[in-house]
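Below is a note with numbered points for a colleague who works from coordinates. Please read the points alongside the model.

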Amino acid sequence: MRRAFAQVDVFADRPVAGNPVAVVRDGDGLDDASMAAFARWTNLSETTFLQTPSVPGADFRLRIFTPGGELPFAGHPTLGSVHAWLEGGGVPAGAAVVVECGIGPVTVRRDSRGLAFAAPELRRTGAVDFPTLVEIGTALGLAPDEIVEAAWVDNGPPWIGLLLDSGRRVLDVEPDFAALGSHMVGLVGPYAEADRDGVAIEVRAFAPGVGVPEDPVTGSLNAGLARWLRASGRLPAEYTAAQGTAIGRAGRVRVVDDGTDIWIGGGTVTVIEGTVDL
């Protein structure tokens with residue numbers, strides 16, 4: 001069956017600078033095995049399928065697959081899918097788009113700067129146990145004293161966040177993906193006075209266990225980091241994060257804490273549009 005398809009670049013204001021997501025706009029009728037097989041075939045960090053919502057108040061249901069399996073939530077696929085849904089003629093029932101995700105409803109708003117989603121609550125927070133921290137540090141070539149702080153920032157994907165002393169140190173990390181195993185790890189480091197083209201922090205995300213050794217730009221991780229580091233006062237209410245630098249991308253994530261929600265946003269650009277036979 002021919003189904004409407006788009007490939008959208010997310011967290012970028014121009015094509016091929018951010019993180020692509022493959023979006024099957026009419027995903028009703030596909031079983032889990034078919035969706036998983038197509039996600040393995042696209043070989044992108046995520047592939048999504050838009051379906052008729054199953055809960056009241058949602059505009060559509062979103063299924064998100066990595067090459068390694070399904071996720072209950074992920075940020076860049078959510079924004080890219082909303083972008084494709086709107087371009088395909090979708091009209092939200094309310095002022096914002098409400099997406100039915102595995103973790104529950106996620107709100108996405110539009111403004112003059114693009115799309116942004118409200119960061120979900122963290123499902124797991126707090127300190128990382130010492131043996132796990134040592135294992136991760138060894139896999140990333142980090143000495144214990146180089147990790148300023150570490151915490152769980154699980155908002156669907158089970159991210160562990162590591163704060164380093166600088167954005168430069170984040171970029172210098174050379175991960176051993178085999179040693180990292182199933183851990184999903186995000187690195188974050190600040191730039192002095194946001195002097196790197198208006199960027200406050202550098203972020204990297206590693207998830208080899210789900211088939212994504214290094215993710216170009218990661219909405220869920222940035223959402224988790226924002227909740228963690230805003231709560232401790234380490235980041236301002238509004239800032240821009242860079243991600244993808246180490247692998248030749250120019251991702252930019254805009255974060256705004258309005259006192260009620262933390263919004264994670266960025267540019268979205270359609271790069272490929274057509275149909276797929278599924």
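This is a predicted model: local features need pLDDT of at least 70, side-chain atom pairs count only at pLDDT 80 or more; totals for chains, interfaces and linings use all residues.

1. Arg168 counts as partly exposed because its relative accessibility is 49%; buried means under 20% relative accessible area, exposed over 50% and partly exposed in between, with a 1.4 Å probe and protein chains only. Arg168 belongs to helix 4 (residues 167-172). Helices (H or I, at least four residues) and strands (E, at least two) are DSSP runs, numbered from the N terminus.

2. Residues are numbered from 1 along each chain as its sequence is written, and side-chain values use heavy atoms, with hydrogens and water left out.

3. Domains. The protein is divided into domain 1 (2-119 + 265-277) and domain 2 (130-250); the bounds come from an automatic or database domain assignment. Their C-alpha centres lie 24 Å apart. Across the two, 20 residues of domain 1 are in contact with 17 residues of domain 2, where contact means heavy atoms within 4.5 Å.

4. Helix 1 (residues 32-42). Its buried residues are Met35, Ala36, Phe38, Ala39 and Thr42. Viewed down the axis of helix 1, these fall within an arc of 165 degrees, so they line one face of the helix; the arc is that of the directions from the helix axis to the C-beta atoms. Ala33 and Trp41, on the other side of helix 1, are exposed. The buried residues pack against strand 1 (2-10), strand 2, strand 3 (47-51), strand 4 (60-66) and strand 17 (268-277). After helix 1 comes Asn43, with a positive phi near 60 degrees.

5. Helix 3 (residues 130-140). Here Thr132, Leu133, Ile136, Gly137, Ala139 and Leu140 are buried. Around the axis they cover an arc of only 160 degrees, which puts them on the same side of helix 3. Phe130, Pro131 and Thr138 are exposed on the other side of helix 3. The cover over the buried residues includes strand 9 (149-152), strand 10 (159-163), helix 5, strand 11 (184-190) and strand 12. Gly141 follows helix 3 and has a positive phi, near 70 degrees. As background, an α-helix has 3.6 residues a turn, so residues three or four places apart point the same way.

6. The annotated position. UniProt places the feature "active site" at Glu46, in an unreviewed entry; such annotations may be inferred rather than shown by experiment, and the positions are given in the numbering used here. Glu46 lies in the loop between helix 1 and strand 3. Glu46 counts as buried because its relative accessible area is 7%. Leaving aside neighbours within four places in sequence, Glu46 is in contact with residues including Pro20, Val21, Ile64, Phe65, Leu71 and His76.

7. Asn19. This residue lies in strand 2 (residues 19-24) and is buried, with a relative accessible area of 2%. Not counting residues up to four places away in sequence, Asn19 touches Val8, Asp9, Val10, Ser45, His76, Asp215, Pro216, Val217 and Arg249.

8. Aromatic pairs. Rings of Phe, Tyr and Trp (its six-membered ring) pair if their centres lie within 6.5 Å; planes under 30 degrees apart count as stacked, over 60 as edge-to-face and the rest as tilted. The count by this rule comes to seven aromatic pairs. Phe5 and Phe38 make an edge-to-face pair, 6.2 Å centre to centre with 85 degrees between the planes. This pair links strand 1, which holds Phe5, to helix 1, which holds Phe38, across 33 residues. Both Phe5 and Phe38 are buried. The ring centres of Phe177 and Phe206 are 6.0 Å apart and the planes are at 65 degrees, so this pair is edge-to-face. Phe177 is in helix 5 (residues 177-180) and Phe206 in strand 12 (residues 201-207), so the pair ties together parts that are 29 residues apart in sequence. Phe177 is partly exposed, at 30% relative accessible area, whereas Phe206 is buried, at 0%. One aromatic cluster is formed by Phe5, Phe38, Trp41, Phe49 and Phe65.

9. Charges over rings. A charge sits over a ring if NZ of Lys or CZ of Arg is within 6 Å of the ring centre and within 35 degrees of the ring normal. Arg109 lies over the face of Trp263, 4.1 Å from the ring centre. The charged end of Arg124 sits over the ring of Trp152, at 3.7 Å from its centre.
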